[in-house]
Structure formats: C-alpha cells, structure tokens
Amino acid sequence: MAGYQLSRSDLKHVPIKFICKQCTFVLCDPLQTPCAHFYCRGCLEHLKSSDTVYKCKADDEEFQLSEIFPDGCVRKEIQRLTVHCLYNDRGCDWEDKITNLEEHLAVCEYVEIPCVFDKCEAKVLKSRLAEHLEKECSQRHVECNYCSEEMPFADLEGHIKKDCQSFPIACTLCHKKDVLRGKLREHHDPENGDCEGAKAVCPFSSLGCKSREEMRLSERRHHEQTLASFHLSLLVRFVFTLSDQVGFYVNEINPLREGIAVMDRMKTTVSQLLSQVTAVVRENGNIQDEVHDLRSRVTRVEETLVEPDSVPTGQHSSIQGQYQQVRESLDEFKRKLCDLEASHGFQLDEANQAIQHQENEIVWLKRQDEKNKETLRRLMAKVETMGETLRTQKHVVRSSWFTTQRGPRT
Ligand SMILES: [Zn+2]
Ligand SMILES: [Zn+2]
Ligand SMILES: [Zn+2]
Ligand SMILES: [Zn+2]
Ligand SMILES: [Zn+2]
Ligand SMILES: [Zn+2]
Ligand SMILES: [Zn+2]
C-alpha cells in the first residue's frame, strides 16, 4: 500500500524525510535506496525503469532491487506518531497512533458517502444520512395531502399540478372553486352533474322534443318542468314502439333457434350415413381383392393345361373332349368374374358419388348454420341495445317526474 494520508494540520508537524518521494504521503513500511532516499514498500513498483533497474524520483540515481533495504529505525519513529482524523475539520475528534488511522477511517462518521437512492445525487456525511433521508432527500417517500398516495418527494409537485384526482381545482365553465380533479367529468355531466355552466340540449330531443337549443342547467330544469307532461307523452309513445319492436324480434328469433336445433340433428344423421357408406366401400375393396385372387388362380390353371397331342389314338378323342369341357367351364368362370368385377365397380362408383354428395351437403349445412348464428347474434345485439335505450329513458322519465314533484330546483 501507499503511505499514510494525513490532515493538512498534522502533515505540518511531520519531518520531510518521513514523506515518500513517490506518493507524497507519510512512509508506510519504509525502504532506503543507495542514494539515501525513502520510499514506501508499496510505491517501489513505480520506480522501475527496466526489468531489473530502478530509478530514484529525487535524484535520478539508478539502483538494483538488491541494493535497497528496509529501515526499521525510521519505521519505528513513524509508528510512534500520534495523528488526528482526516476529517478533523468536519468535527471528528478522533486522535490516536498513525497505525490505527486506516481502521478508524473505515468507520468514521464524518466520511462523505453517496445517498442510498441512485436518483438522489446528494453526498452526505455518514453521520447525517438518517437526517438527510428523513428531511432533505429528493427521493424520500412522502404522502400526498390530498389523495394519501405515497411517492418520492421529487414527484409530489408534478403529481399535485397534473395528476392528483383529489386536488381541488376551479371549474372553467361555472367558476366553482373546489371541484376535485377526478370529479370534474361528473360535475359536467348534463344528467347528474351540478355545473351551471355545462350546456346541453333537452334529453327528449331525440324522442321528438322540438327544442334544439343548448341550455344551461337552470334553463334545462325550467324547460323540463314547463314541458313535463309533453316529455312524458313522448316517452310513452317511444316505449310502446320499442316494446312492439322487441316483440317482433323475439318472434323472429324463435324459429331461427328451432332451425339451428334441426340442423344439429341433420348433422348427426349425415355423419351416420357417411360411416355406412365408408363401410360399403371397405367391403367392396375386399371383394375386389378376392376377384383379383381368383383371376390369377385361373391364369395359373390355364398355363398348366396342355393340349393333348401326344396321347395314343383311341384315348385321344375322349381326352380331347375333357379338355374342351375344362376349357369351357374355365371361360365361363372368367366371364362370371368379369361380371362380378363390373357390378362391384359400379357399386363403388355409386358409393363414391354418394359420399361426394353428402360431403357437399355438410359444407352447405355448415355455411347455413354460420349464417343463422350470425343473424341470431345480430338480433340479440339489437334487442340488447333496445333494452339499454329503454333503461336510459326510464331513468330520464323518473328524474323528470321527480323534478315535477319537487318543484323548481335552486
Ligand atoms: Zn509512498
Ligand atoms: Zn535518491
Ligand atoms: Zn474521523
Ligand atoms: Zn438522498
Ligand atoms: Zn394526490
Ligand atoms: Zn362547473
Ligand atoms: Zn324538451
């Protein structure tokens, strides 16, 4: 290691010869050169001018490693020195042997350390870290006074200015001062809000009220009170129309539902048919194999049949007759085989056609099924929308009825 680093005031009292010429601190484990200069053992490395030659910083004298020696006398004198903490001027009153300095610095409360939060760039004395984290750190956790959310102190201002939903702000329409930011939309709502500045048309205009003018809250209330029974009659008419329409669509939907059920049943039948056809085809294949087998056996018999030339006269005519008989029955058998093959080939064609037909049928049914389902979905959605409209209008009726009952709002 390099030498002992001392505070400026302590350094003034140390004799110059105890200072390392390389690191300029107080010598640690001192070595003396042939030119009578001192270096810390750890600093010797820096004096190397080649593999084996060292050069003194003070007078450029060159020497070999074997020419230097440790100076126990100087070492003892240095080890006897009493010094102060490096951070004496910051308030640390530690004072002890120079050899204990390093150990003290590792635990000294007056060392400056970076704040534990990366985002906070502050450096604080170890002894003040707790206080910094509690009172000054930009990253200390604080609670928003309005919404109680916790966040780093550095974010609080932006949160209050822009995001805090519980922060009271002034409504730009009615100039009311303490509307919570998160409640602004509710405040502006023409149905349930209390903003005098928010304008809207009569909610019954879509049902036939001729008033198209945008009105403030009080104007709207006045309009609703004056025309309460008219609005109510519009609504009654609307509800009747709506219930007629709903009835109509429900009637449309029912047969569709039945259609889908029938289609499901048909699908089952078709798949049964299909498996039957497959069985026929398989059987046909077996018969064809057998026919093929028979045909090759006939061929083999034909090959072994020899025309009887070399037979003695007398026997000749009867053998010739037998040969002809065998030949004929063989031909007959071949004809039958051909017929059998032809008829099964025909059956196979029929079966294939039937399969093809059923497959087309299934594709058509599937497509039809999809179409029906889509129509059903559309109808359901329509009924849902109508139900929704009905509910909204019911709400409007109720609120305008209440308005009429209670008299003008203030
Ligand atoms: Zn040194
Ligand atoms: Zn020297
Ligand atoms: Zn200290
Ligand atoms: Zn900090
Ligand atoms: Zn907040
Ligand atoms: Zn307002
Ligand atoms: Zn109206």
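Leaving aside neighbours within four places in sequence, which residues is Tyr39 in contact with? They are Cys20, Lys21, Gln22, Leu31, Leu44 and Leu47, where a contact means that two C-beta atoms, placed from the backbone, lie within 7 Å. The legends below take this residue and several others in turn.

The model is predicted, with local features needing pLDDT of at least 70, side-chain atom pairs counted only at pLDDT 80 or more, and totals for chains, interfaces and linings using all residues. Residues are numbered from 1 along each chain as its sequence is written, while chains are lettered from A and ligands numbered from 1 in the order in which they are written.

**View 1. The whole chain and its confidence.** The secondary structure comes to nine helices and 13 strands; these are DSSP runs numbered from the N terminus, helices being H or I of at least four residues and strands E of at least two. The mean pLDDT (the predictor's confidence in each residue, from 0 to 100) is 84, and 89% of the residues reach 70 or more. Of the 410 residues, 9% count as buried, that is, with 20 or more other C-beta atoms within 10 Å of their own; exposed residues have 12 or fewer, partly exposed ones lie in between, and the C-beta atoms are placed from the backbone. Among contacts with a separation of 6 or more, 39% join residues 24 or more positions apart.

**View 2. The largest nonpolar core.** Such a core is a set of buried Ala, Val, Leu, Ile, Met, Phe, Trp, Tyr and Cys residues joined through C-beta atoms within 7 Å. The largest one has 16 residues, and those with the most contacts inside it are Tyr4, Cys20, Val26, Leu27, Phe38, Tyr39 and Cys40. Strand 2 (residues 38-40) gives the most to this core, with three residues.

**View 3. Surroundings of Cys20.** Cys20 lies in the loop between helix 1 (8-11) and strand 1. Cys20 counts as buried because it has 22 C-beta neighbours inside 10 Å. Not counting residues up to four places away in sequence, Cys20 touches Gly3, Phe25, Leu27, Phe38, Tyr39, Cys40 and Cys43. Its C-alpha atom is separated by 9.7 Å from that of Leu31, eleven residues apart along the chain.

View 4. Three strands form an open sheet in the order 2-1-5, with antiparallel pairing; two strands pair if DSSP finds at least two bridges between them. Strand 2 and strand 5 (69-70) are the edge strands, each pairing on one side only. Strand 1 (residues 30-32) is joined to strand 5 by two bridges, and Leu31 has Pro70 as its bridge partner there.

**View 5. Two non-glycine residues with positive phi.** Asp29, in the loop between helix 1 and strand 1, has phi near 55 degrees. Asp29 is partly exposed because 16 other C-beta atoms lie within 10 Å. Ala36, in the loop between strand 1 and strand 2, has a phi of about 65 degrees. Ala36 is exposed because 11 other C-beta atoms lie within 10 Å.

**View 6. Helix 9 and residues 404-410.** Among the elements of the chain, helix 9 (residues 315-406) has the lowest mean pLDDT, 72, whereas strand 12 (residues 168-169) has the highest, 96. Over residues 404-410 pLDDT stays under 50, and the model has five contacts beyond four places in sequence for them. Where pLDDT is low, the predicted coordinates should not be read in detail.
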